Amino acid sequence: MKSSGTKRRRRNETLISESSEETERIGLNLAREVPVPGVVLLRGELGTGKTTLTRGIARGLGLIDPTLVNSPSFTLVNIYQGNCAIYHVDLYRLQSERDLYSIGLDDFLGKEGVTVVEWSEKLPYSLGQAMEVGIVDGGGDRRALHIRYPPSGRVNRQKKDL
Ligand SMILES: Nc1ncnc2c1ncn2[C@@H]1O[C@H](COP(=O)(O)OP(=O)(O)O)[C@@H](O)[C@H]1O
Ligand SMILES: [Mg+2]
């Protein structure tokens, strides 16, 4: 029997995208599955579409001008305002854990708004309650997006065994 009042976790799934527009649309739909506060962890090589997916998520969260969503080349975080604050973190150039403190990650990650993290494998801890998307280049414009939906509940962090 279906229990009322408790949100069931969605099944993990793999979606295939054939274009950047399609990836953006997938992001738009994923935004509905992200709790606020919430975290989306992105993995995938350069050029697989992490920023493109983030643009869709930001649109889904009510950002009026999605052209604002670009790779934050020299900053580790860009902040956009939609229906909630959207923290777009890109750890590609992360040098040390100290850089995470300098952007105040602890103040917003999982605590306020929605945080989308590119190169999330560089985070020094794992987040049990986050949505995770791994993007794999399938050649040409084809991308496989492996999606792990968040279990409901608060975002807890656990130190990784490095
Ligand atoms: N199916 C697809 N999904 C996303 N991007 C795609 C796709 N096919 C081609 N592209 C292109 O790949 C590039 C992805 O760039 P970007 O989103 O910045 O990647 P990342 O942030 O992972 O480095 C863009 O130039 C985009 O036009
Ligand atoms: Mg990017």
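**Sheet.** I began with the open sheet, which has 7 strands in the order β1-β8-β7-β2-β5-β4-β3 and mixed pairing. Strands here are DSSP E runs of at least two residues, helices are H or I runs of at least four, and both are numbered from the N terminus. Two strands pair if DSSP finds at least two bridges between them. At the edges I found β1 (13–17) and β3 (77–81), each pairing on one side only. From one strand to the next, the twist averages 20°.

This is a predicted model, in which local features need pLDDT of at least 70, side-chain atom pairs count only at pLDDT 80 or more, and totals for chains, interfaces and linings use all residues. Residues are numbered from 1 along each chain as its sequence is written, while chains are lettered from A and ligands numbered from 1 in the order in which they are written.

**One strand pair.** I then looked up β2 (38–43) and β5 (114–118), which pair in the parallel sense over 4 bridges. Gly38 has Val114 of β5 as its bridge partner.

**Helices on the sheet.** Axes are lines fitted to C-alpha atoms, for helices over the stretch in contact, and angles run from 0 to 180 degrees between N-to-C directions. α1 lies across β1 and β8 (143–148), at about 145° to β1. α2 lies across β2, β3, β4 (85–90), β5 and β7 (131–137), at about 170° to β5.

**Core.** I looked for the largest nonpolar core and found 33 residues, with Val40, Ile57 and Val117 having the most contacts inside it. Such a core is a set of buried Ala, Val, Leu, Ile, Met, Phe, Trp, Tyr and Cys residues joined through C-beta atoms within 7 Å. Buried means 20 or more other C-beta atoms within 10 Å of a residue's own, exposed 12 or fewer, and partly exposed in between, with C-beta atoms placed from the backbone. β2 gives the most to this core, with 4 residues. Leaving aside neighbours within four places in sequence, Val40 touches Val34, Ile57, Val114, Val116, Ala130, Met131 and Val133.

**Ligand 1.** I counted 18 residues around ligand 1, the closest being Thr23, Gly49, Lys50, Thr51 and Asp141; the cut-off is a backbone-placed C-beta atom within 6 Å. The elements giving two or more residues to this shell are α1 (20–30) and α2 (50–60).

**Gln95.** Last, I found Gln95 in the loop between β4 and α3 (97–102). Gln95 counts as exposed because it has 8 C-beta neighbours inside 10 Å.

Terms used: Two residues are in contact if their C-beta atoms, placed from the backbone, lie within 7 Å.
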